[in-house]
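This report describes a few local features of one structure. The structure is shown first, and the notes follow.

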Amino acid sequence: MLLDNRVLNDAGHTVTEFVTHRAMNRPAMGVPEPIRYTRTRVMPVDLEALREQRRVVDGPDDPAAISFKMLRTQVMFWLAERGGSCIAVTSPGRGEGKTTTAMNLAIHLAAEVDYTVLLVDANLRAPAVHEYLGWPGVRGLSDHLAVNAPLEELLLHPQIGRMVVLPAGSPVLNSAEMLGSRAMADLVAEFKTRYPRRVVVFDLPPVLQATDALALSKHVDGILMVAAQGRTHRRDLARAQSLVGFDKLIGVALNRSTG
Ligand SMILES: Nc1ncnc2c1ncn2[C@@H]1O[C@H](COP(=O)(O)OP(=O)(O)OP(=O)(O)O)[C@@H](O)[C@H]1O
Ligand SMILES: [Mg+2]
């Protein structure tokens, strides 16, 4: 079933659409000088390959990139208005574009805002950020939560603007418990207080598949819901929105839009 603006607007929330085009000119975007990390390990990524694969869209005239810029602006406004710095990206079901949205949003935030951006892969069931960035087998969030691995050993700097990544880490069985744990709450509190000019973007699992997303959503300030045009059912979107709660909902990002 197709989603349209009317349906999304009826819910009283912002609609942000982004589209992807396969054959676009993609000149490199001017990014600010990367900040120097004294403790964060540098882990370069092949940005050109990511652009080729359309995993990253950041060309100045690319309609998808322009949509991400708008999304970034909306998120920053929302955070400025409400206060807070931690947002989570989720969706009703699998494969609707959460990781793609979270990663590109983080890249756009990191490129043009005077903030450091931390992208956290909190989809411990089907982690993908490390895969998309070409970092197989890296440790991350689960290693911190399970065996208290020090954060500074886990954070990676991909040399994309002011962006730092906390990958998901080693596979775990009890992901919902981990994400709802005291250790996770402490970690989010530390993210919020220790680094004043930082935005944290969590990539979550789907809301309707497991309790993980809801467990983590307790700790964040805002939630961005992704819906895939032609794929996400209205009733699933409505259910996911009401489960996370309208109070924290930043809006719905309509992925795979053709408009
Ligand atoms: N707008 C888009 N246009 C084309 N392909 C897309 C788009 N958004 C996502 N994809 C592709 O769809 C697949 C799933 O996307 P993504 O991994 O972002 O979804 P997800 O919601 O994070 O999935 P999961 O539920 O497994 O975490 C990927 O191969 C991605 O490249
Ligand atoms: Mg994902």
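Strand β9 (residues 249-255) is mostly covered, with seven of its seven residues buried. A residue counts as buried if 20 or more other C-beta atoms lie within 10 Å of its own, as exposed if 12 or fewer do, and as partly exposed in between, with C-beta atoms placed from the backbone. Helices (H or I, at least four residues) and strands (E, at least two) are DSSP runs, numbered from the N terminus.

β9 pairs with strand β8 (residues 222-228) in the parallel sense, over six bridges; two strands pair if DSSP finds at least two bridges between them. Alanine 227 has leucine 254 in β9 as its bridge partner. From β8 the chain crosses through helix α11 (residues 234-244) to β9, a right-handed β-α-β crossover. Right-handed means that, with the strands pointing away from the viewer, the path from the first strand over the helix to the second runs clockwise.

## Basis of the model

This is a predicted model, in which local features need pLDDT of at least 70 and side-chain atom pairs count only at pLDDT 80 or more, while totals for chains, interfaces and linings use all residues. Residues are numbered from 1 along each chain as its sequence is written, and chains are lettered from A and ligands numbered from 1 in the order in which they are written.

## Positive phi in two loops

Most residues other than glycine have a negative phi. Arginine 54, not a glycine, has a positive phi of about 65 degrees. Arginine 54 lies in the loop between α2 (47-52) and α3 (63-82), and is partly exposed, with 15 other C-beta atoms within 10 Å.

Asparagine 148 also has a positive phi, near 60 degrees. Its place is the loop between α6 (141-147) and α7 (151-154). Is asparagine 148 buried or exposed? Asparagine 148 is exposed, because 9 other C-beta atoms lie within 10 Å.
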